[in-house]
Each structure stands twice: as structure tokens, then as C-alpha cells.
Amino acid sequence: MNDTFPLPAPSRRTFLGAALLAAASSAALPALPARASAGLVPVLPAPTGPYPVGVVRHAFTDPARTDPWDPALGARQIVVGVVYPARSVTGFPRAPQLTPGEAVVFGALAPLVRGLPAAGVDWAGTLTHAHAGAPPLPGRRPVVLYTPGGGDARTLGTGLAEELASHGAVVVLVDHPGEASQVELPDGTVRETVLHGPPDPATFRTMVDTRVTDLRLVLDRLAELPHAAVMDPRRTGILGHSAGGTAAVLLAARDPRIRAVANLEGYLDPEPRPGDRPLLLLRTDGFEGAGRIEGSWAGLRARRRTLRAANHWVLTDHAAIVPRLHAAGLVPDAVRDGLVGPGDAAASFAAVRRELRGFFGRELRGLPGREAGRVRR
């Protein structure tokens, strides 16, 4: 079973993870409206490529698996966002980063787990640079899967996905419901994370194994995705942040369909190893686990880069969001430094996008240049 559903979809019900909230804070859950009437609207960086970008959402149900985080839900369901170069975006609106229902849940969870503000931010107001439902640019294009950090939603990879898509790739952003902070399902339900603090080794293993199986399902069923006709499955890579980086390398080690893998600060001890697959390793100097990261990457043949005066979430859309909140006085220095570091987060994020563009361009036999004919925005 699979479903394609529009962007945005109205939220009707929300599952609230009481265990997470109780573990994170003894304070009551902030009462937030579905859409803040006023507040700072985070702005995402524009992609730099020659193509306008489209996006569609899609859901897969895997009848062969029971959901590992909540067996009462039955068959495993995952949600993806497909970001791609568009033929034209005229008449197609820019998609929001979060649906209204997702924004409510994210706004409630963010201050409890990362110190983001409980008020003063319109989380539902952020627009992506991708246009919902725009027709794809014809051609056959490399495919890059994206798997986010532990407890994060796929939407925090929006800036990376749009950058690659604007240069000619199709990026499939994969959510992992139950673990992800919030995911809106086709029926409007917003499913919230069940995690409550840093995972113990057994939970981390469940997380990574579940992600690998989710990602293999997406690979198995690429042909069912909207705009599959413009995807070239022979040129498929994967990109992961943190726990997503761990899962990305493990998938590459197990599945020959993955031709290149980029790991953004994910541990690789005691396993996995990517075999002979091209590997990009990016990390920050401020991450509290930097020593363990470096040790787990020892001996690997890879292109490497360390971002200076940076921290773990500068590898995500927080690179754009957090400095803006800091400049507005909504988060203190310590929160900014703990999330993205004290340095120039915009410059760090631009460097990450350049590294990924160059890496996947080389290893997936090039991101196509501008085709003959007019590309209409």
C-alpha cells in the first residue's frame, strides 16, 4: 500500500509522547495555537543551482513489518518527501517546511529537548524554496536518499535537499515515524517521537536497524514514487546526519544499490564499514562526541572535512534557524553554541552544501547541467 498526499495536509489528531515530555521536563506542555498569530518566522537559505525545485510527499506501508516503536499501530508506515528539479513552478505555491499540525508538536517539544524558545517563533510560517506538486524537469537523474539525525524529522534536511535538487538530483527525504520528532501521516495524524532522552545501546540498535529496513523499503519501491520516471536508480547515493549517518553507512555496506555515501557526524563504532563505496565524512569541532567520532572513523578511506567553530546541528537547517533566533534574543549564547557553534553558521552550511554537491556530482557520474531549452521559474 502507498499513498501520495498533498502539501500541506491539515492536522486532525496529534499523538503526544508523554514519556518524552516527562523525561525532558517537569513543566507542563506549552499551550500553542495551530498557527502563531505573531512571531519570528525562520527563513531557510535559497538553493544555488540553475533549476527551480518541486516537492511531493508520499507514504509507504510495509505489510511485512509491525511498527517497532508501537506494535499496536500494526503495519510499519513511513513518509517521504521527494525534492526534484522542476520544469516550471508557475502557479505552484512554495511548500511550508512543517504542516500546521507538525508545527504545533515541534513547537512544544523543541524547548524541552534543545532549549529552543517556547514562544515568539512562528514555526508554521517557514516556507521552503520547493513548490508543491510542480512538474519535474524531464531527464534521468541521480537519486540521493536522506535520513535525519536521531529523533529529528526529515524536514531538517530541507536546505541540503533543495540545494542538490537545484543542481539536478532527485532527493528522497525519509522520515522514520515513532523516532522522528513529528511526522504527519496521510490521515492527518501527527505522530510524535517515543524517545525520552539519549538512547541506550539497545534503543540505538533498534533505531539504526529500523532505519536501514525503512531505507531498503524505499529502494525496493522507488518505482512507486511520484516522478519515478525521472529517477535513475543506477545512480543512487545516500546522505545521513548523526544516527542517520550511521544508518547510511550500514545500508551502503549491505546494499550494492547504494553507489556513494555521505556521513554527517555519525558514529561508526564498532560497525559499520562501507566496503569499497565512495565515502564523504563531515564533522564539527564543537560536537561533544568529536573524539569518539574521529576514533570511529580511523582507518577509513574517505574524503574528510572538519568544520571549525561549529557544532552538531550546523549540518542541518538549524544552521539558518538558530542564528536568527539568537540575533532576535530568543536563545542565549549557550544554546546557539550548543546547537550550531559560535562561528559563522551560514558559511559552514554553505561549505557543507558545496561538499555534498561536489561529492555526489563526482560519484554519481555528475549532476546534470542545464538542458537545452528554457527552464522556467
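Mentor: Let's start with a term: a residue is buried when its relative accessible area is under 20%. Keep in mind that we're looking at a predicted model.

Trainee: Got it. What makes strand β4 count as largely enclosed by the rest of the structure?

Mentor: Count the buried residues. β4 spans residues 75–85, and nine of its 11 residues are buried, so the strand is largely enclosed.

Trainee: How do you know that β3 and β4 pair?

Mentor: Two strands need at least two bridges between them to pair. Strand β3 (residues 53–66) and β4 are joined by 11 bridges, so they pass that test, and they run antiparallel. One spot to look at is D62, which stands opposite R76 in β4.

Trainee: And what about β4 and strand β8, how many bridges join them?

Mentor: Four, again with the strands antiparallel. The cut-off is at least two, so β4 and β8 (residues 170–174) pair as well. Find V82 and you'll see that its bridge partner in β8 is V172.

Trainee: Let's move to L280. Why is L280 called buried?

Mentor: Its relative accessible area is 0%, and the limit is under 20%, so L280 is buried. This residue sits in strand β13 (residues 279–284). Leaving out neighbours within four places in sequence, L280 is in contact with V261, A262, N263, R303, E355, L356 and F359.

Trainee: H131 has a relative accessible area of 17%; why is H131 put in the buried class?

Mentor: Because 17% is still under 20%, H131 counts as buried. H131 belongs to strand β6 (residues 127–132).

Trainee: What lies 2.6 Å from a polar atom of the H131 side chain?

Mentor: That's the backbone oxygen of F92. F92 is also among the residues H131 touches beyond four places in sequence, including V53, Y84 and P93.

Trainee: Now the rings. How many aromatic pairs does a search of the whole structure find?

Mentor: Three. Take Y267 and F287: the centres are 6.3 Å apart and the planes sit at 35°.

Trainee: So what makes the pair of Y267 and F287 tilted?

Mentor: First, 6.3 Å is within the 6.5 Å needed to pair. Y267 is in the loop between β12 (258–264) and β13, while F287 is in the loop between β13 and α6 (290–296), so the pair ties together parts 20 residues apart in sequence. F287 is buried too, because its 13% relative accessibility is under 20%.

Trainee: Why is the pair of F359 and F360 called edge-to-face?

Mentor: The planes are at 65°, which is over 60 degrees, and the centres are 5.1 Å apart, so edge-to-face is the label. F359 and F360 are both buried.

Trainee: How do you know that the charged end of R292 sits close enough to count as over the ring of Y267?

Mentor: The distance to the ring centre is 3.7 Å, and the cut-off is within 6 Å. R141 over the face of Y51 also passes on distance, at 5.8 Å.

Trainee: Last one: which residues touch the most other members in the largest nonpolar core?

Mentor: L116, W123, L239, L356 and F360, out of 52 residues. Helix α9 (residues 345–363) gives the largest share of this core, seven residues. A second, separate core has 40 residues, V261 among them.

Technical notes
Residues are numbered from 1 along each chain as its sequence is written. This is a predicted model: local features need pLDDT of at least 70, side-chain atom pairs count only at pLDDT 80 or more; totals for chains, interfaces and linings use all residues. Side-chain values use heavy atoms; hydrogens and water are left out. A nonpolar core is a set of buried Ala, Val, Leu, Ile, Met, Phe, Trp, Tyr and Cys residues joined through side-chain atoms within 4.5 Å. Buried means under 20% relative accessible area, exposed over 50%, partly exposed in between (1.4 Å probe, protein chains only). Contact means heavy atoms within 4.5 Å. Rings of Phe, Tyr and Trp (its six-membered ring) pair if their centres lie within 6.5 Å; planes under 30 degrees apart count as stacked, over 60 as edge-to-face and the rest as tilted. A charge sits over a ring if NZ of Lys or CZ of Arg is within 6 Å of the ring centre and within 35 degrees of the ring normal. A polar contact is a pair of N or O atoms within 3.5 Å; within protein, one must be able to donate a hydrogen and the other to accept it, and residues adjacent in sequence count only if both atoms are side-chain atoms.
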